[in-house]
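I opened the notebook to record what I looked up among the side chains. My entries follow the display.

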Amino acid sequence: MKTDMITFSFRSLWTVALMMATLYILPAHATDRTDDPYDSYSMPRVYKPAGFTSLSTVFIDNDVITRNNAFHLNELREVKRGKHKWVNWQFNRKAGSTAGATLRFKYETRVKPEKYTLIVFNGGKTDITLAAGTSREVLRSGEEKQITMLSTELWLQAADISDDKTYDLYCRELQIYYPYAAGLKTLSITSPPHAEAGKEIRFHIKTEGSTGAGPLDIEVRHSRWVIWRIRLTAEEKTALENNGNGEVVRKMPWYLASGDVTVGLVANGYRVEGKEAAIKITGSKATALPKMERRNYNGRPTFFKNGTPYNWSGYATYNFVPGSVNEFGRSGANLFYIPVAAGRHIHQVASPTWYGGNDYDFGELEQRVCMALSANPDANIVLRVSLCLPPFWFDEHPDARATVRTKNGDIVWEETGTIGPSLASTAWRQQQAEVLRELIRYVKRQPWAERVVSFFPSGEVTEEWFAWACNDNQFADYSNVNENAFAQWCRKNGYGFTRIPDPAIRAQGGRDVFPDTEEGRWAAAYDSYYSLLTAETINYFSHVIKEETQQRSLVGILYGYVIQCAGEARQSTSGNFALREILDNPDIDYITGIPLHTFRKLTGNGYDTYTSATASIQAAGKLYNNEDDLFSWLHNDSWYTEYDHNDPRGAAISMHRRVLANDAVHGASRQWFSLYPTWHYDKALQEEFARQIRLHAGNTGFDRTPTEQVAFMVDDNSFGSFTATSKYPLYSHHFMMSALARTGAPLGVWLLSDANKLPDRIKVVVVAFSPAAKKEDIAKLKTLISKGNRTIILIGATGLIDPVTGKWNTSATAQLTGLPVKIEDVAGSAEAFLPNGEMLCSFPVAAGAPAEVIRPRGYVNGEGWLKYKDGKTAGAERALANGGKLIWCGVPPYLDVPFLRKWLQEAGVHCYGPVNSFVHASKELVAITSTAEQDSTITITWPGKVKVQDLFDNWEGSGTNIACPFKAGQTRLFKVAAL
């Protein structure tokens with residue numbers, strides 16, 4: 001059987017590096033647009049990056065693992081030499097390596113430079129040849145000079161280097177030269193010396209030469225940052241072209257801060273040579289942050305802004321430029337996620353904000369907020385705050401750096417050239433908190449503070465709080481500070497471990513959970529510790545935000561991928577699973593995730609759901625926020641996706657509709673995400689997004705009280721015991737859930753720790769593989785079983801491992817189920833069959849083990865309804881009190897959807913659609929998707945007589961059994977009214 005699964009986050013380390021390297025490549029795929037999605041602001045004629053010697057805008061090419069394999073030494077430092085601070089680059093390449101030695105400087109805009117200059121000094125004993133673009137400069141040992149590099153790319157290569165020699169290069173005073181607009185000069189640009197925000201202002205412009213074919217803009221700049229761009233109309237541009245002078249009248253935006261600004265002319269993204277104007281903006285004042293709350297409203301947790309229900313349909317991107325931001329603004333996006341650094345951005349997609357001491361620069365944040373409000377003056381803002389500090393701070397605090405253990409020894413970890421902090425470092429936390437507080441204080445002083453509804457602390461790999469290096473199949477964090485913290489945690493929890501287990505112990509293959517040995521318990525203890533450390537770190541910074549905003553702002557995070565990461569290496573290495581700790585923290589208001597990767601298909605086993613336990617998130621009074629990052633035919637490189645080769649645009653629209661429908665039913669706020677501005681660069685797609693935004697805006701007016709009767713339960717604590725190689729959770733979590741969903745009955749995903757909170761409407765409870773559930777959660781499950789009145793389906797060796805001691809109890813599953821379940825610690829077949837020979841389960845599991853095996857494996861010592869390939873009983877059942885039933889399965893019986901549908905119907909579960917349709921349901925909104933390969937008419941069965949209307953195309957029907965036409969893969973979102 002072939003399965004399709006993406007086992008990594010697409011926002012991985014070198015996807016961002018690739019984005020930077022190919023920043024302004026237009027898509028080669030068919031789109032109906034002719035404007036420029038990369039439309040952005042100008043650059044000054046001579047630009048000197050702030051904080052260059054602090055290493056905030058320079059990094060070494062290639063990832064840290066590649067460099068470690070190729071070089072004995074390859075590192076940057078900030079040093080004092082003479083009267084000046086310098087960037088010191090030392091490198092020594094290993095014999096036999098062909099790797100190049102290259103520095104890259106942070107790229108600023110789509111406008112390419114013509115050259116750059118740099119003062120360099122060779123502090124080594126070997127001459128260095130430096131190359132960039134068409135330029136080559138030889139720097140003799142001991143020589144200092146300014147070099148001029150004729151290059152449109154901002155990089156510097158050490159050419160023709162020799163192996164096993166140490167090179168020692170010093171750099172300072174980087175200056176980048178951008179060309180002026182060709183053929184045009186500003187003779188004068190005048191305006192009143194004082195201008196009041198929110199009032200009309202007049203600009204008089206005189207020019208010489210041709211305005212050219214591209215757009216013509218007036219930029220209003222606070223320092224080097226653009227806070228207002230006026231795009232001249234065709235008539236205004238023609239007046240300048242024909243007459244050499246013209247007048248431009250606009251209303252100055254209310255959100256511009258008071259202070260001195262400059263005004264200049266820009267042609268097609270290039271500054272126009274000549275005169276500029278100076279203005280003092282007056283009249284703006286700081287506004288209060290809005291009062292944001294969570295309340296239960298119309299059946300779901302809902303945001304309230306200043307006492308009014310509020311949800312958002314927004315846009316998030318790592319490439320925050322006017323082209324795509326304005327595009328989504330025109331479509332009606334009512335919120336923008338703005339990337340900003342609290343110090344230095346981990347992926348360098350936002351400028352540094354802290355250069356040491358009290359030296360802060362939030363100019364780019366002001367530019368981006370003004371850009372967003374220009375795109376949609378009614379929009380609100382979420383600040384996506386990257387929690388990382390500049391390299392100079394780590395030079396002063398080397399113990400705060402996270403490290404990875406490799407065959408070449410321990411190395412300091414970097415993401416896209418940025419040093420990763422150890423979460424266990426108190427020094428890092430304290431400094432990071434202070435920079436974060438200063439960012440919030442800056443926001444509170446701005447006229448646009450009233451639009452900032454949330455701060456979104458992001459950290460570690462891809463900003464999703466995945467442990468350092470886990471996306472690169474490496475093991476972290478072996479820093480002294482983390483090792484000491486782990487040893488202290490072990491003492492507190494009764495373990496005798498004094499250091500972090502080596503990667504070989506943590507990477508044990510050939511089994512699904514860590515073995516019942518000291519090494520197995522050691523590995524599981526560290527995985528559990530790191531999940532708790534990650535959650536505690538998130539909670540710490542969430543409290544800082546709540547405290548600094550006086551409880552006025554929402555706090556959201558990307559975390560808790562208890563579905564997405566199941567069945568891949570990150571289930572063991574990412575530290576993403578102490579979700580219960582997050583849900584119990586009142587400082588956190590919403591959990592963000594993405595549409596589950598595994599079943600992103602238009603038809604067949606296509607299924608749209610979330611990455612986390614959404615039902616438990618909402619039961620905790622929090623909201624789920626969905627970041628729609630669906631790929632499409634507009635995506636470049638490895639992300640290119642056609643859901644239907646014959647109609648890629650139409651299929652992409654269908655896929656986005658199913659995501660929107662799911663969000664509407666669940667009351668989720670949402671945003672589209674892109675790495676590149678071209679990812680949604682299509683007129684028809686944007687028109688569809690505009691319709692979806694309007695539809696979503698009315699979501700809070702419907703009664704969205706949940707109506708699903710199936711609870712699919714996962715145990716976050718058990719992830720600490722899963723090995724990195726196990727595929728068992730892929731099938732028990734992903735494929736079992738998907739199969740149940742395609743019965744035509746809706747389901748909710750819960751944490752096992754909420755087994756005592758299931759509402760009375762739940763008729764079937766399915767517990768995915770939970771070998772290391774906490775004792776108190778097993779007790780809740782026992783109570784559920786003893787009450788009966790439901791069908792309860794348990795998969796695998798539930799409760800096998802005592803999470804306190806790490807020891808196995810092979811009788812635990814039998815004691816829980818009341819069935820003669822035996823657990824054997826040997827590799828056994830995962831194939832399972834009904835008595836008639838039909839296969840219900842088959843999957844390849846552990847790398848390094850024979851195909852189609854699991855270890856440990858449970859079986860029933862007696863007869864049952866399911867058999868393994870070797871004849872042992874793989875499934876049995878028994879009656880429960882009050883008409884209930886308990887079904888135990890050694891493996892998930894996911895291959896037969898009609899078989900599962902029969903189980904649900906026997907338990908009294910209502911199935912809205914037929915087999916191979918999936919449903920999300922609430923009281924007044926129901927989303928139904930047909931995954932049939934062909935267009936068809938399907939009968940929708942309702943619990944009572946209703947009138948329904950599809951909010952996408954206005955199709956209407958009424959009755960209890962309603963025949964409705966569906967195109968292949970189509971989703972309908974029904975507004976439901978009882979008759």
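For Phe, Tyr and Trp (its six-membered ring), a pair requires centres within 6.5 Å; planes under 30 degrees apart are stacked, over 60 edge-to-face, and the rest tilted.

I noted that the model is predicted: local features need pLDDT of at least 70 and side-chain atom pairs pLDDT 80 or more, while totals for chains, interfaces and linings use all residues. Residues are numbered from 1 along each chain as its sequence is written, and side-chain values use heavy atoms, without hydrogens and water.

I then checked Y310 and W312, which are both buried. I recorded 61 aromatic pairs by the ring rule. Y310 and W312 form a tilted pair, because their ring centres are 6.2 Å apart and their planes at 50°.

Next I turned to charges over rings (NZ of Lys or CZ of Arg within 6 Å of the ring centre and within 35 degrees of the ring normal). The charged end of R570 sits over the ring of F466, 4.3 Å from its centre. I found R600 over the face of F631, at 5.7 Å from the ring centre.

Last, I looked up D39, which is buried at 9% relative accessible area. Its side chain makes a polar contact of 3.1 Å with that of R231 (N or O atoms within 3.5 Å, one able to donate a hydrogen and the other to accept it; residues adjacent in sequence count only if both atoms are side-chain atoms).

Definitions and conventions. Buried means under 20% relative accessible area, exposed over 50%, partly exposed in between (1.4 Å probe, protein chains only).
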